[in-house]
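Please look over the sequence and the model shown here, with an eye to the ligand and to the spaces left between the protein atoms. The paragraphs that follow take these in turn.

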Amino acid sequence: MSRHIIVTGASRGIGRAVAQRFIDAGDNVTAWSRSGDAPEGSAISASLDVADSVAVSEAAKSAIEKLGPVSAIVVNAGVTRDGLAMRMSDEQWHEVVRTNLDGAFFCTRSVLPSMVKNRSGSVIFIGSVSPFLGVPGQANYAATKAGVMGLARSLSSEVASRGITVNVIAPGLIDTDMTMELGEGRDALLSRIPLGRIGNVSDIAGCAFFLASDDSRYITGTVIRVDGGLAMGW
Ligand code: NDP
């Protein structure tokens with residue numbers, strides 16, 4: 001039977017590959033992003049800002065009315081606005097916090113009642129290894145991704161008795177628009193990856209698909225690094 005899967009930030013990069021993975025498996029995908037672009041075959045593609053709590057709750061309500069209870073949400077939309085903390089503007093700080101942390105919370109909250117009612121569901125956050133590595137210039141970004149891990153762990157305890165699992169995928173260096181912006185920092189990180197290559201979006205999509213499947217029903221409250229060994233030991 002087709003499941004209803006919501007993917008945020010599905011227009012490009014990791015989110016698009018995740019959405020495509022579920023579409024290829026025959027699932028009904030609701031794809032959210034600011035541009036509204038989505039892979040062909042998405043059941044719903046909506047243009048919204050994940051940090052707009054009203055827009056998110058309306059979009060979730062409408063998607064659930066059309067496609068039924070949400071089996072899994074992949075909370076992926078995210079941005080970077082790198083810069084040294086000493087010189088970071090309020091705007092740089094707030095943009096990252098509102099998208100990566102407020103947005104993650106609003107999107108998750110919008111689907112929980114549907115999952116609780118159905119006594120089943122998977123919440124899958126796309127975190128990052130950045131808070132483990134202490135990447136310079138990413139104080140805002142690392143703070144939000146560490147926050148997502150705390151959010152996931154508390155939430156996993158709150159909803160476990162309802163058959164809902166909550167986990168974080170922490171990607172390392174993945175080949176997308178976001179990492180093209182890293183310039184020389186990208187090569188420095190690449191040289192530290194034991195598997196010796198940058199990750200592909202399909203590496204993350206495969207893990208998200210697993211966390212939404214019955215094969216992962218006994219996994220909750222954890223962080224899975226998909227990073228070629230970059231942050232080994234964390
Ligand atoms: P991209 O920049 O390629 O894609 C980001 C996606 O998020 C786009 O679909 C964008 O769509 C969407 N988005 C951004 N802001 C908003 C918003 N306010 N509301 C709705 N959608 C938004 O990034 P990646 O694919 O590389 O990253 C995806 C996730 O993976 C992020 O959370 C990122 O932090 C994380 N990650 C990525 C790594 C990497 O190496 N690439 C490493 C570790 C973590 P649109 O512009 O249309 O809104």
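**The ligand and the spaces around it**

An oxygen atom of the ligand is 2.8 Å from a polar backbone atom of Ile14, which falls within the limit for a polar contact (a pair of N or O atoms within 3.5 Å). This is a predicted model, in which local features need pLDDT of at least 70 and side-chain atom pairs count only at pLDDT 80 or more, while totals for chains, interfaces and linings use all residues. Residues are numbered from 1 along each chain as its sequence is written, and side-chain values use heavy atoms, with hydrogens and water left out.

Around the ligand stand 30 residues, the closest being Ser11, Ser35, Asn76, Tyr141 and Thr176, where a residue counts as near if one of its heavy atoms lies within 4 Å. By class, this shell has 12 nonpolar, 13 polar and 5 charged residues, with Asp, Glu, Lys and Arg taken as charged and Gly among the polar ones. Helix H1 (13–24), helix H5 (139–159) and helix H6 (177–180) each supply at least two residues of the shell, and the largest share, 3 residues, comes from H6; helices here are DSSP runs (H or I, at least four residues), and strands are runs of E of at least two.

Rolling a probe the size of a water molecule over the atoms shows where empty space is left. On a 1 Å grid over the protein atoms alone, a pocket is an open set of points with protein on both sides within 12 Å along at least five of seven lines, a cavity is a set where a 1.4 Å probe fits but cannot get out, and lining residues have an atom within 4 Å of a point. The largest pocket is the space taken by the ligand, and its volume is about 950 Å³. Of the 44 residues that line this pocket, Gly78, Val79, Thr80, Thr176 and Met178 are the closest to its centre, and the lining comprises 18 nonpolar, 17 polar and 9 charged residues.

The second largest pocket has a volume of about 240 Å³. Its lining is made up of 17 residues, with Arg3, His4, Ser71, Asn118 and Ser120 nearest its centre, and by class it has 4 nonpolar, 10 polar and 3 charged residues.

The largest cavity holds about 70 Å³ and is lined by 14 residues, of which Val75, Asn76, Ala77, Asn100 and Ala104 lie nearest its centre. Helix H3 (90–118), strand S5 (121–126) and H5 each supply at least two residues of this lining, the largest share, 5 residues, coming from H3.

Notes. Polar contact = N/O pair within 3.5 Å; in protein donor to acceptor, adjacent residues only side chain to side chain. Sits in = over half its atoms within 2 Å of the grid points. Points joined across faces, edges and corners; volume = space filled by probe spheres on them.
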